[in-house]
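Open the model in your viewer and keep the selection tool ready. We will go from stop to stop.

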Amino acid sequence: MIGVGASRNISQKRYNTLNSFMKEYFGEKVYKVSVDGGFTCPVRDGTKGWRGCIFCNIKSFTPPYAERARSVKDQILEGIENVKKFRKARKYVVYFQPYTNTYADVEKLRKLYNEALEAHPDIVGIFIGTRPDCLSYEIIDLLDELNRKTFLVVELGLQSSNNRTLELIKRGHTVEDYIDATKKLHERNIRTLPHIIIGLPGDTEQDYINGARLISDLGVFAVKIHPLHVVKFTELELWYRKGEYKPLEISEYVEYVGLFLENLSPRIYIARITGEAPDKFLVAPEWCKNKFKVMQEIDLYLEKKNIYQGASYESQRIVNIYQ
Ligand code: SF4
């Protein structure tokens, strides 16, 4: 585990939220400002594929102010202004969000990360979203440098703990790549945050349990969990329209999240427990439109079943399933 030790009582919920941790760590609520650093990714530029992961439509999760045509600094300043219109915000983290934000040469990355850090005096940290196969030793050296200057979190898309699923969804990396990247980052005391999708074609209950236990044993800092959405202009949309993919019902999602949390170390912070896509992009499932209802359903289910994060996690007894 990297960072400050967690306490189950940090929030009222039956799981530990990253928001509560950040509030305690920085003494007040910290707001996120997303930026587009102008990257691509190896499954889109022809290195490993051209069409991207089957579920991905970048526009469906990038805020309008984060436009790659504008400088990182301008995007951040506008993002901060937007937050300030509605909140008394005083601290921010920059989130390099769309595409693979370590997929460039080290000098370009250093310039972009420093530009972000220096864009505004109230920036207290940087979150960088990337893939496990885009972290060379040189880039990890750079992240190490950055980690000494600010509060850094590297978000790694894992999505599934099952290599067959990763192949099916055209991720272009393996679970082993993820383990390797995570260990290298942890050796430098860099916080990591994997992304996990619930509802991928081919994944089973056992895959959710394996995923929770794997990231727990690795000692990640936090995790984002979200349901698989079918969004427009993706390969998954075609599968869905042909009847080759059936989205989860909300009751199934809630149950699998419960299973995941139960098998997750209580020391890991939950950065996201569901997700939503803008109406204009969402094809299915309908219930994804209301993330507050989904969160409420999860809380009710955990209460009803008396499930706490980590209740079934016993790290000493876990056999490394990947050996
Ligand atoms: S999910 Fe990430 S890696 Fe996959 S295509 Fe989209 S941006 Fe690229």
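Select R188 first. This is a predicted model, and in it R188 is partly exposed, with a relative accessible area of 25%. The cut-off for buried is under 20%, so R188 at 25% does not count as buried.

D144 is buried, at a relative accessible area of 10%. The two residues form a salt bridge, and their closest N and O atoms are 3.0 Å apart.

Salt bridges that share partners join D141, D144, R148 and R188 into one network. Side chains of opposite charge can pair when their charged atoms come close.

Next, go to the segment before α1 (18-26) and pick K13. Which residue forms a salt bridge with K13? The partner is D299, with the closest N and O atoms 2.6 Å apart. D299 lies in helix α10 (residues 291-305), 286 residues from K13.

R14 forms a salt bridge with E303, and the closest N and O atoms are 3.2 Å apart. R14 lies in the segment before α1 and E303 in helix α10, so this pair ties together parts that are 289 residues apart in sequence. R14 is buried, because its relative accessible area is 12%, under the 20% cut-off.

How many salt bridges are there in the model? The count comes to 19.

Now show α6 and helix α7 (residues 205-218) as cartoons. Their axes are 10 Å apart, and the helices pack at an angle of about 25°. Angles under 35 degrees count as roughly parallel, and α6 and α7 are therefore roughly parallel to each other. Their crossing is right-handed.

Last stop: the ligand. Which residues surround the ligand? Select C41, V43, R44, G52, C53, F55, C56, I58, Y99, R131 and R171. Colour this shell by residue type. Seven of its residues are nonpolar, one is polar and three are charged.

Definitions and conventions. Residues numbered from 1 in each chain as written. Predicted model: local features only at pLDDT ≥ 70, side-chain atom pairs only at ≥ 80, totals over all residues. Heavy atoms only, no water. Near = heavy atom within 4 Å. Nonpolar A, V, L, I, M, F, W, Y, C, P; charged D, E, K, R; others polar. Salt bridge = Lys/Arg side-chain N within 4 Å of Asp/Glu carboxyl O. Helix = DSSP H or I, 4+ residues; strand = E, 2+ residues; numbered from the N terminus. Buried < 20%, exposed > 50% of the residue type's maximum accessible area, 1.4 Å probe, protein only. Axes fitted to C-alpha atoms, helices over the stretch in contact; angles between N-to-C directions. Parallel < 35°, antiparallel > 145°, perpendicular 65-115°, else oblique. Left-handed = near helix turned anticlockwise from the far one by under 90°.
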